[in-house]
Amino acid sequence: MLIEDALQDSGMRDRAEMHYLPPGEGLFSQPDIHEFLTSYFPDKRNVAIDWNHPLAGIDPANRRATFATPQGSRTVDYDFIHVVPPMSAPDMIRNGDLGWQTGDFQGWLEVDQYSMQHRRYPNVFGAGDVVGTPVGKTAASVKAQAPVVADNLVAAIDDREFPMEWTGYTSCPLITEKGQAMLVEFDFSLEMTPSFDFLNPFEPQWAPWFLKERMLHAAYNAMLRGRV
Ligand SMILES: Cc1cc2nc3c(=O)[nH]c(=O)nc-3n(C[C@H](O)[C@H](O)[C@H](O)COP(=O)(O)OP(=O)(O)OC[C@H]3O[C@@H](n4cnc5c(N)ncnc54)[C@H](O)[C@@H]3O)c2cc1C
């Protein structure tokens with residue numbers, strides 16, 4: 001979206017053809033935002049969506065990308081490509097005993113999604129991108145998980161019941177252009193859980209951009225210093 005915006009700014013938008021090639025049939029894990037983006041990209045930003053295009057290979061010298069589509073291999077020439085690499089936990093989790101051994105979260109840390117305690121090693125707790133949970137790979141999730149882990153860990157040491165649960169809180173500020181963003185917040189239910197009544201999660205607005213650009217750095221830095 002930022003590249004599309006930069007092309008608009010420079011007056012070159014009509015010279016560019018833009019495609020979004022997701023590997024499957026999803027653009028976002030929250031279904032309403034998935035719906036929204038499915039029409040927003042082509043209708044508002046003139047970005048075509050070519051579904052089911054997992055990247056299989058790339059030839060940077062010739063600027064050519066190959067996708068393994070269900071219909072077979074498709075090669076696309078490009079001038080500029082933005083690739084999101086496959087994500088995984090560090091090798092010691094992915095290949096070791098601490099990760100989920102099977103299922104959707106295979107290779108990610110096997111925690112209970114509410115208590116954040118490891119499901120097989122009760123003296124292990126997890127937080128952050130490394131955990132294998134249905135949603136939550138955001139720093140905002142880490143911020144919500146950290147106190148749960150701290151309090152539940154202390155409770156485990158004291159042999160008490162867990163006092164806290166993570167709700168799956170996930171927050172994605174989607175920057176739609178310079179100065180505009182949408183703040184998407186949801187939890188395990190995949191229902192929207194907006195923190196601010198005055199923000200519409202389906203509308204690019206100035207306030208979420210200001211939050212993301214100017215305010216969140218301070219919050220994340222405070223979190224890194226242990227002030228959750
Ligand atoms: C482009 C982008 C934009 C994002 N924007 C937002 C946003 O606006 N809001 C939001 O909430 N989230 C956002 N996120 C997500 C957020 O950055 C992550 O959820 C968050 O950084 C996860 O924190 P973490 O500490 O769990 O993992 P990481 O930040 O990945 O930290 C893990 C650290 O462990 C280190 N490490 C790995 N293996 C080893 C090892 N063997 N030994 C020692 N160290 C090791 C890594 O180098 C890394 O520094 C964004 C992510 C991306 C990629």
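Guide: On a 1 Å grid over the protein atoms alone, a cavity is a set of points where a 1.4 Å probe fits but cannot get out; a pocket is an open set with protein on both sides within 12 Å along at least five of seven lines; lining residues have an atom within 4 Å of a point. This is a predicted model: local features need pLDDT of at least 70, side-chain atom pairs need 80 or more, and totals for chains, interfaces and linings use all residues. Numbering runs from 1 along each chain as its sequence is written, and side-chain values use heavy atoms, without hydrogens or water.

Visitor: How much space lies in the largest cavity?
Guide: The structure holds one cavity of 30 Å³ or more. Its volume is the space filled by probe spheres on grid points joined across faces, edges and corners. The value is about 30 Å³.

Visitor: Which charged residue is in the lining of the largest cavity?
Guide: The lining is Leu183, Glu185, Pro194, Ser195, Phe196, Leu199 and Pro201. By class, five are nonpolar, one is polar and one is charged. Asp, Glu, Lys and Arg count as charged; Ala, Val, Leu, Ile, Met, Phe, Trp, Tyr, Cys and Pro as nonpolar; the others, Gly among them, as polar. That leaves Glu185.

Visitor: Which element gives the largest share of the lining of the second largest pocket?
Guide: This pocket has a volume of about 180 Å³. α4 (139-158), β7 (180-186) and α5 (206-224) each supply at least two lining residues. Helices (H or I, at least four residues) and strands (E, at least two) are DSSP runs, numbered from the N terminus. With four residues, the largest share belongs to α5.

Visitor: How many nonpolar residues are in that pocket's lining?
Guide: The lining includes Ala140, Tyr169, Leu183, Phe196, Leu211, Leu216, Ala219 and Tyr220. Two other lining residues are polar and two are charged. The nonpolar count is eight.

Visitor: How many charged residues are in the shell around the ligand?
Guide: The shell (a heavy atom within 4 Å) holds Pro90, Gly128, Asp129, Lys137, Thr138, Ala139, Ala140, Ser171, Pro173, Lys212 and Tyr220. Five are nonpolar and three are polar. Asp129, Lys137 and Lys212 are in the list. The charged count is three.

Visitor: How far is the polar side-chain atom of Asp129 from an oxygen atom of the ligand?
Guide: Polar contacts are pairs of N or O atoms within 3.5 Å. A backbone N or O atom of Ala139 lies 2.9 Å from a ligand oxygen. For a polar backbone atom of Ala140, the distance is 2.8 Å. For the Asp129 side chain, the distance is 2.7 Å.

How values were computed
Polar contact = N/O pair within 3.5 Å; in protein donor to acceptor, adjacent residues only side chain to side chain.
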